[in-house]
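The sequence and structure are placed here for reference.

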Amino acid sequence: MLLAPLARVSGEVAETSARSRKTALIAEVFRDAEPEDVPVVIAYLAGRLPQGRIGVGWSALKDPPPPAAEPSLTVREVDAAFTARAAVAGPGAQAERRRLVGELLGAATAGEQRFLTGIVSGEVRQGALDAIAVEALAIASQAPAADVRRAVMLAGSLSRVAERLLAEGPAVLAEFRLTVGSPVQPMLAQTAPSVTDAVGRLGGCAVEEKLDGIRVQVHRDGEEVRVFTRTLDDITDRLPEVASVARRLAGDGFVLDGEVIALAPAGRPRPFQEVAGRVGSRTDVTSAAAAVPLSPVFFDLLAEGGRDLLGLPYADRHAALARLVPEPLRVRRVVTEEDGGDAAVGEAFLRATLERGHEGVVVKGLGTPYSAGRRGAAWLKVKPVHTLDLVVLAAEWGHGRRTGKLSNLHLGALRPDGSFAMLGKTFKGLTDEMLAWQTARLRELAVADDGFTVTVRPELVVEVAYDGLQRSTRYPAGVTLRFARVLRHREDKRADDADTVETVLAQGA
């Protein structure tokens, strides 16, 4: 596939806010692409290089050579060129990378130069397009969208599904099954204002503790245990105590969904930052585990004996979980009646949960399947403090004692088209340690700096508390956050895990 039509479609996708138009454009690309091109095409449409950072900054891109008159570059040629550039190392590597990037840009037309420069610099910002790409893939392949979504969820990779589907046709989707040892995308929760509201929506449901930890998915096949994060990263080596727990369970061929938390001697949860730091630690795991031991707590069972349980009602999955996992390793819960008339039981459970030091509850419909990778209405989280997971779009250089630090954060919520709507700014809640960390991280994500504001790739998620919404014509969603303050950085979440504009507006309703 030539790069030129991909560059053209990328620009058109960025310029339209209509989801249907974005879907049609991407479907057009999928129809034209060779199956082996698709993994690179998907990455480029999302504005990223499959090779990651290649050590080439804005200074190497700002003065490109004269463009080619006619398009000739193919997607595969460009991908191979970036792979070669990423491999350059040693003395003089920076100069050699700049030379090679200049050589590539010299073979590109003006439109292709703009596209390639945007990808390398991180300025191609069409947002989180995976959901739209799934719809487009279904259209291009004439496969049912639900079947494509399920395959992507089970494979944990849109690229892998797309490549095979376009090469082999819709029948191949049946081959994507839940496999022990291969992570699936986790089911997510929407927000409800109260337990009473959630129970009223769901009827018969379980009200479970919402733990302030890190989501994990634990797979066991014989003595082989793998532990994955919600972003499907393998962290088995960092959590030996979790692997040990899984091996002690009297079962096999299972996949567990849960959280890891750190508990103080009295049984109350330790701060989230300690858990995140422990999970993120890649060195001296033994010492880290001794300093901050983690406890797994499970709330769902996705497979047992190698059998896929995803389609079973939650009540049946939890019954199987209770047979496999001892009660101390399961999340606390209460179950309401089918008519939803005893919401008071759930409200009392929420109060008790908060007294134990946890952050709230998740209310789950008993009759619902596991909708992996989706923020469905069957799970509703209730927390006493309004919080949102938002994406940092930019940050302003601080003043006074914050001079030299990126402080005031520009916060965005996810739009239906995969882009982000700015909701406001905040510098509150940031400790000196958080300021130092976020300055370093945001400088890695920077795509522009005018001396006052640094624009960044929309990748860093922060959890923000706020007191409510107020109308504002300054911001695209028509609202802004009142008294927003940063609670923590959420490196365990991706940009497409952020809360949506719809969720924000619903909380203010």
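My entries on a helix pair and a sheet follow.

**Basis.** I worked from a predicted model, in which local features need pLDDT of at least 70, side-chain atom pairs count only at pLDDT 80 or more, and totals for chains, interfaces and linings use all residues. Residues are numbered from 1 along each chain as its sequence is written, and side-chain values use heavy atoms, without hydrogens and water.

**Helix pair.** I took helices (H or I, at least four residues) and strands (E, at least two) as DSSP runs, numbered from the N terminus. Helix H1 (residues 3-15) packs with helix H3 (residues 38-45) at an angle of about 30°, and their axes are 10 Å apart. Axes are lines fitted to C-alpha atoms, for helices over the stretch in contact, and angles run from 0 to 180 degrees between N-to-C directions. I then looked up the contact (heavy atoms within 4.5 Å): Leu3, Leu6 and Ser10 of H1 meet Val41, Tyr44 and Leu45 of H3.

**Sheet.** I found an open, mixed sheet of five strands in the order S1-S10-S9-S2-S8. Two strands pair if DSSP finds at least two bridges between them. S1 (188-191) and S8 (333-335) are the edge strands with a single partner each, so one side of each has no neighbour in the sheet. The twist averages 35° from one strand to the next. S2 (residues 205-210) and S8 run antiparallel and are joined by three bridges; Val207 stands opposite Val334 in S8.

**Helices on the sheet.** I noted that H14 (residues 314-324) touches S2, S8, S9 (360-365) and S10 (375-382), its direction making about 55° with that of S2. H15 (residues 343-355) lies across S2, S8, S9 and S10, at about 145° to S9.
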